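These are my notebook entries on a structure that I had not examined before. I set down what I looked up, topic by topic.

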Amino acid sequence: MKKQKIIIERELKSNSENIIWALISTEGGLAKWVADDVTETEKQITFRWGEEWSHHEIHVANIIKKVKNDHLRLRWEDETDDDAYLEFKMEKNDLTNDYMLYVTDFALPEDLDSLRAMWDQNFEQLRQSSGL
């Protein structure tokens with residue numbers, strides 16, 4: 001079965017493109033709200049959740065495209081759907097002068113609700129850790 005695309009958008013309480021870009025494109029930024037630990041090489045980002053001595057998960061994503069102050073697109077290394085990817089995109093809202101953050105992700109139809117809930121939780125973590 002083919003995965004479906006979802007786009008989650010949130011307005012961030014910041015008009016600093018450097019702050020937003022750091023949150024979506026650096027190890028430290030992503031570790032504040034997406035995973036417990038993030039490491040990056042030239043072509044891959046490794047996400048870790050949980051503690052190594054207990055239950056934990058590790059997922060590796062290949063960097064497809066990284067355009068500074070615009071977007072970061074990744075594809076999970078174990079992804080079987082050629083059209084699926086994970087993307088973080090920032091865009092300035094002309095009305096408020098703050099930035100919008102768009103997360104594009106893919107899931108099977110029966111997993112869409114849990115994926116949305118996961119991203120809602122991630123955005124709440126972002127708000128708590130950075131005030132955005």
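The entries below go from the sheet to its hairpins, then to the helix packed on the sheet, and finally to a pocket.

**Entry 1: the model.** I noted at the outset that this is a predicted model.

Entry 2: I found an open sheet of 7 strands, in the order 1-7-6-5-4-3-2, with antiparallel pairing. The edges are held by strand 1 (4-11) and strand 2 (37-40), each of which pairs on one side only. On average, neighbouring strands of this sheet are turned by 25 degrees against each other, direction ignored. As background, I recorded that strands of a sheet pair through backbone hydrogen bonds, either parallel or antiparallel.

**Entry 3: strand 3 and strand 4.** I then followed the sheet pair by pair. Strand 3 (residues 44-50) is joined to strand 4 by 7 bridges in the antiparallel sense. These two strands make a hairpin, with 5 residues between them. For R48, I found I58 in strand 4 as the bridge partner.

**Entry 4: strand 4 and strand 5.** Here I counted 6 bridges, again with antiparallel pairing. K66 has L72 of strand 5 as its bridge partner, and I63 stands opposite L74 in strand 5. Which residue takes a positive phi in the hairpin of strand 4 and strand 5? I found that it is N69, with a value near 60 degrees, in a hairpin that has 3 residues between the strands. I marked N69 as a residue other than glycine with a positive phi, placed in the loop between strand 4 and strand 5.

**Entry 5: strand 5 and strand 6.** The antiparallel pairing of strand 5 with strand 6 runs over 4 bridges. R73 stands opposite E87 in strand 6.

**Entry 6: strand 6 and strand 7.** I found 6 bridges between strand 6 (residues 86-92) and strand 7 (residues 99-107), which run antiparallel. Within this pair, M90 stands opposite L101 in strand 7.

**Entry 7: the helix on the sheet.** I next asked what packs on the sheet, and found helix 1 (residues 17-25). Helix 1 touches strand 2, strand 4 (56-67), strand 5 (71-76), strand 6 and strand 7. The direction of helix 1 makes about 175 degrees with that of strand 6.

**Entry 8: N97.** I returned to the loop between strand 6 and strand 7, where N97 is found. The phi of N97 is near 70 degrees, a positive value in a residue other than glycine.

**Entry 9: the largest pocket.** Rolling a probe the size of a water molecule over the atoms shows where empty space is left. How much space lies in the largest pocket? I recorded about 770 Å³. The lining of this pocket is made by 29 residues, and nearest its centre lie W49, W76, L115, M118 and N122. The elements that give two or more residues to the lining are helix 2 (27-33), strand 4, strand 7 and helix 3 (112-130). Helix 3 supplies the largest share of the lining, with 7 residues.

Notes: Residues are numbered from 1 along each chain as its sequence is written. This is a predicted model: local features need pLDDT of at least 70, side-chain atom pairs count only at pLDDT 80 or more; totals for chains, interfaces and linings use all residues. Side-chain values use heavy atoms; hydrogens and water are left out. Two strands pair if DSSP finds at least two bridges between them. Axes are lines fitted to C-alpha atoms, for helices over the stretch in contact, and angles run from 0 to 180 degrees between N-to-C directions. Contact means heavy atoms within 4.5 Å. On a 1 Å grid over the protein atoms alone, a cavity is a set of points where a 1.4 Å probe fits but cannot get out, and a pocket is an open set with protein on both sides within 12 Å along at least five of seven lines; lining residues have an atom within 4 Å of a point. Grid points are joined across faces, edges and corners, and a volume is the space filled by probe spheres set on the points.
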